[in-house]
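Student: Could we go through this structure together, with attention to its charged side chains?

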Amino acid sequence: MTELPANIRLRPTRIGFLVRPSDRKSVRKIMRINACLWGGQYNPIIPVFRHTPKDWKEEHFKSPSGKKIVGGYVKFFEPDIYVEAEVGLLEKAGLGILRGNNFDKNSISLEQFFEQEHRGVFEPYFGQSAFDIINDTYLDERRFQLRDPHPAIYTNKKNDVFAELCLGVFPELKNLKHIKAIYHDVYRPERVSFTPEVWLKVYSNECVTPFSAAAKNIDIEQRWYDDPVIYIFDPSKTTDLIDLWNIRIQPSSIYPVPIEWVSDLHKPLCRFIENNFRPLNGNSNGVMHKTTIEISRSITEEYAREEILPFFKETPQGSLVYKFWRTPIWNVDYRNNFVQQPERVKLTASKKDVTLSIKDGGYLHTEFETLSPHFADRFSGTKKRWANVITTSSNYMETNVATCLPYNTSDRNWPFKGLGAFSIGREGWVYLQDYKESKQHVSLLKQDESFFKWFEYKGLSVSLSEAGRIAKQLIDSVGGLWGLYLFDDVTAIKFINKLANSTRTRKSAANGDVIEEDFSGKVASITEWQKMISKRKAQGAHHRVTLSDYIERNVVRIGLETDCSHCYAKNWHDLDEVSYQIKCSRCLKRYDFPQGSIKNNNQNWKYRVVGPFAVPDFAQGAYASLLTIRFFTRFRNRDASSCYSTAAEIKHNGRTFEVDFAVWASDESGFDINPEPRLIIGEAKSFALDAVKEKDLEQLKEAAALLPGSVLVISVLKESFSDEEIERLNRFVEWSRESSSYGPKHWVILLTGIELFDEFLENNWKKKGPPHSIFSDYNSTRSIESLSDSTLNIYLDQKPYHEWHAEK
């Protein structure tokens, strides 16, 4: 039985609230509703608009379209489900396909959110009610006399937007009186006006608020570089309310200061800035923690410099960073790991490591015992109350389970519909839970099956080609990609290919008929095998490899070689076939086993390659395609999962073309961020002098046209390209780089045996010398883009893309 290591993490359901940025009434209602939800203050508010609000327009650059910005918010926050301030916003945001059906809704209107009654109590349609957690706090803590009472507060105003934004205020709705009542019964809060003095208590963690009460049992992950931010904003601006709400869903500690309170709070803020200005623990290079003062987008830089920043002029030099712009979370590029990209806060209520047992009852599946908040009732009328997030890892124990899949943020119809549906995003696979103490069924896909299903989802018909089936048989025989160590040098591949079956076609001189002669695979003695293995070891390849490794992986089989007494042809017989009388494979006559003429030194015993290894032409290119797959599954991020398919035929509009491999692989994770897997397709060739033909590149162009953004790879087992190939490849690269916007249509990577036969790319290039050694540094191979620039320069003398683009 296959087993898969995984981690399960419990967090609150992440609800995306869709609202027009001009709809202040709905924004305030959303903030109040989130005071009633477990972890509600971390639910994003996603503005939906066509024309960019004045305060959000870029001063020096053209603002992206409203639709693009909305899509960027969705990509950044990756909500589990949605609530619309008005019906139709889901479609305006380009998310209409997520609406779901009456049986399994993925969205609800704001008006309907608290209309569901269960056992006489109104509960939210999605998410976990704060009622349960406040009640649990009473049972565990507040019914006893506390040593540290940690008082609670609640606003005494009916219309206090800052309290709604930063403390939490419950809606004044009949359906929700029970949540407000239990907060007051359990905490007995002091009714206060939100003033600078109260602000100091709240942000010194000296009191409980509705938001902090509803965030109990949630661990917030902060990293060493998540320094605090003082956010100065204008509460009268709805756009500032949305920005501030969403800024808090990022890892840094946020200290929101209304613009009119700066003069009252500047002294304690300056003390805070000075105290925070301290050396980074464990750093001997003088790196210090700093505080950022960020000015909201509604406040001009000129006003901030004249009226706000002078209050902070007494702070230590170097302790402050001033920021007059909003980090564009709607335009994040997680593939750019040269620059730290923003990320949302990671929430964890509990987690556990598990080993999933994979079952195959006609389809792959597994299940796990879910995690749930201890304070929640087992049953509820609420749907999708919390989330279990699974991250899997199959990199150290290869399986045929597809664990690396494209994200489905905008369409949950992939990879499964209905009850098997789940979300795939940066944090992993997300399963929303309705009930406590339940088991979660998980539908899975085999690796090649995942590609077929994804291609079909894109409207393409796909199946393994003959070469793909041979490659799959080969990889199954050696036990996965790690088994390719048996063939990852020229010596081993050419030796085994020499022993493969072959067919000779010739014409009869007499009548001109075409005659095919089958030459069953040649055989090799143990001496020849040991000589090959010794040569590999002398070249520095796999010092521990032995003949037994090839035997155990079903590469070769031993048998007896004899000469036919009729036609004198040499015959090789499997041990199961050996008898006192044996049949000649050439003349088909039987002859006696030569018991009296056994050769000295066991020379009758010979080894023959079998199964897919006996296929000629380097197993129809399987060695090249599999070594290319291995390269990308090991490239840079060895801790990340990957997924691959061997050669496949793609059919579209009556045309059929083939790709030699397909891989989903992630770039290196930078700053604890996991970018979406890249689709990599390509052509793989062996040792022919002129292997890469024009028709191969035209076929790859056709495939690329159907798969926008895919990375295109041309790989060969030889160490260089011929002049003719270089000319063709230069034209191909020019085609791939032509684009209406910055960035090529497709990144192109060239690989040869130099890269494929050695998994340690940087060291290998360094030993090779120029031009390879010029690119042996980390930055030249750290990403798909840099690898493309490096390999195109090495093999085609092409300039890096940015230089090429600048010259255009």
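This is a predicted model: local features need pLDDT of at least 70, side-chain atom pairs count only at pLDDT 80 or more; totals for chains, interfaces and linings use all residues.

Student: What are the dimensions of the C-alpha trace along its principal axes?

Tutor: The trace spans about 110 × 65 × 55 Å. The chain contains 23 helices and 34 strands.

Student: What percentage of the residues is buried?

Tutor: Of the 808 residues in the chain, 57% are buried. The chain exposes about 37700 Å², and carbon and sulfur atoms supply 47% of that area.

Student: And the contacts: what share joins residues at least 24 apart?

Tutor: The share is 73%, counted among contacts between residues at least 6 apart in sequence.

Student: Turning to charge, how many positive and negative side chains are there?

Tutor: There are 107 positive and 107 negative side chains, and the centres of the two sets lie 2 Å apart.

Student: How many salt bridges does the chain have?

Tutor: The count comes to 44. One of them joins lysine 472 to aspartate 476, with an N to O distance of 3.6 Å.

Student: Where do lysine 472 and aspartate 476 lie?

Tutor: Both belong to helix H13, residues 466–477, and they are 4 residues apart, about one turn of the helix.

Student: Is aspartate 476 buried or exposed?

Tutor: Aspartate 476 is exposed, because its relative accessible area of 52% is over the 50% cut-off. Lysine 472, at 24%, is partly exposed.

Student: Which residue forms a salt bridge with glutamate 725?

Tutor: That partner is lysine 718, and the closest N and O atoms are 2.7 Å apart. Glutamate 725 and lysine 718 are both buried.

Student: What about aspartate 789: which side chain does it meet in a salt bridge?

Tutor: It meets arginine 737, at 3.8 Å from N to O. Aspartate 789 is in helix H22 (residues 784–796) and arginine 737 in helix H19 (residues 723–737), so this pair ties together parts 52 residues apart in sequence. Both residues are buried.

Student: Which residues are linked in a network of salt bridges?

Tutor: The network links Arg9, Arg11, Arg14, Glu78, Asp80, Glu343, Arg344, Arg426 and Glu427.

Student: Finally, which residues gather in the patch of positive charge on the surface?

Tutor: The patch consists of Lys498, Lys522, Lys531 and Lys535. Of these, lysine 535 is located in helix H15, residues 526–538.

Terms used: Residues are numbered from 1 along each chain as its sequence is written. Side-chain values use heavy atoms; hydrogens and water are left out. Patches are made of residues with over 30% relative accessible area and no salt bridge: like charges are joined within 9 Å, nonpolar side chains (Val, Leu, Ile, Met, Phe, Trp, Tyr) within 5 Å. Accessible areas come from the Shrake-Rupley method with a 1.4 Å probe; for residues, only the protein chains shown count as cover. A salt bridge is a side-chain nitrogen of Lys or Arg within 4 Å of a carboxyl oxygen of Asp or Glu. Lys and Arg count as positive and Asp and Glu as negative; His and the chain ends are not counted. The place of a charge is taken as NZ of Lys, CZ of Arg, CG of Asp or CD of Glu. Helices (H or I, at least four residues) and strands (E, at least two) are DSSP runs, numbered from the N terminus. Buried means under 20% relative accessible area, exposed over 50%, partly exposed in between (1.4 Å probe, protein chains only). Contact means heavy atoms within 4.5 Å.
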